Amino acid sequence: MPLAPPPFVNAAAPITRPYPEQRILWPTFRGYGDGGGSDSGAFPSLTAIKARRAACPPEALTAFVETAWMAQDRILVLDDFLFKPQEGQSQQSRYEQILFWLPDVLVANDIRFLTNAHEDQAEQDAIQKLFNEHVVAINQRAPRRAGAAKIEIRFSLGSKFPYVHDRFAIIDNELWHFGATVGGLHSLVNAATRGWDAEGHDAVRFFNDAWDGDAQRGGRHG
């Protein structure tokens, strides 16, 4: 069963939602998660592990997708292989999974993805073009709180800031930490934690440091 369509968020009267509790979640296979869904609050069973591994593509972490849909200000993602599909998955399918996080009714304005350079420059350019076209649709559909939304992608993590092993996402002021691909897009057993105070843990400052790059590794981005 696919996720329900994202709710419409009125930018003129932003919602106030309680800060989520700190949790650890495992993406699994629909029917094996909590309440019959695909997100599990405990390690999945062997049956669920095998079902997820056989799925192509593996289902995203529902809690993360729903949180991205409701973002009010920002979605920041740091993941070295975010756009690299799973074995047997097409590149287009992986891109569609990520675009699904960003519905036309999205209110957040600051959307940034920091990842490694793609092996194929033409494919990297195609990714940029696809997301540029998508943000046009967002700006045409959703009411903006302060200026137009921007989707920015930098493929410079490995070359300008090669110091990060883990994957992170910041949605508004909530920090998510991922054991594998952001959004739960990896088929093997991996977990995500949520509910961390991004500002309190210096996550936004760290993301911006990585985004700008290390000046001693060929100069910082403008």
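Buried means under 20% relative accessible area, with a 1.4 Å probe and protein chains only. Helices (H or I, at least four residues) and strands (E, at least two) are DSSP runs, numbered from the N terminus. The model is predicted: local features need pLDDT of at least 70, side-chain atom pairs count only at pLDDT 80 or more, and totals for chains, interfaces and linings use all residues. Numbering starts from 1 along each chain as its sequence is written, and side-chain values use heavy atoms, without hydrogens and water.

**Exercise 1.** Determine which residues of helix 2 are buried, and what covers them.

*Solution.* 
- Step 1. List the buried residues: Thr62, Ala63, Phe64, Val65, Thr67, Ala68 and Trp69.
- Step 2. Seven of the eight residues of helix 2 (residues 62-69) are buried, so the helix is largely enclosed by the rest of the structure.
- Step 3. Find the cover. It includes strand 1, strand 2 (39-40), strand 3 (74-78), strand 6 (167-171), strand 7 (174-178) and strand 8 (192-197).

**Exercise 2.** Describe the largest cavity by volume and lining. A cavity is a set of points on a 1 Å grid over the protein atoms alone where a 1.4 Å probe fits but cannot get out; lining residues have an atom within 4 Å of a point.

*Solution.* 
- Step 1. Take the volume, the space filled by probe spheres set on the points. For the largest cavity this is about 60 Å³.
- Step 2. Read the lining. Among its residues are Trp26, Pro44, Ile49, Arg52 and Leu188.
- Step 3. Assign elements. Strand 1 (23-27) and helix 1 (46-54) each give two or more residues to this lining. Helix 1 gives the most, with four residues.

Note on methods: 1 Å grid on protein atoms, 1.4 Å probe; cavity = no way out; pocket = protein on both sides within 12 Å on 5 of 7 lines; lining within 4 Å. Buried < 20%, exposed > 50% of the residue type's maximum accessible area, 1.4 Å probe, protein only. Contact = heavy atoms within 4.5 Å.
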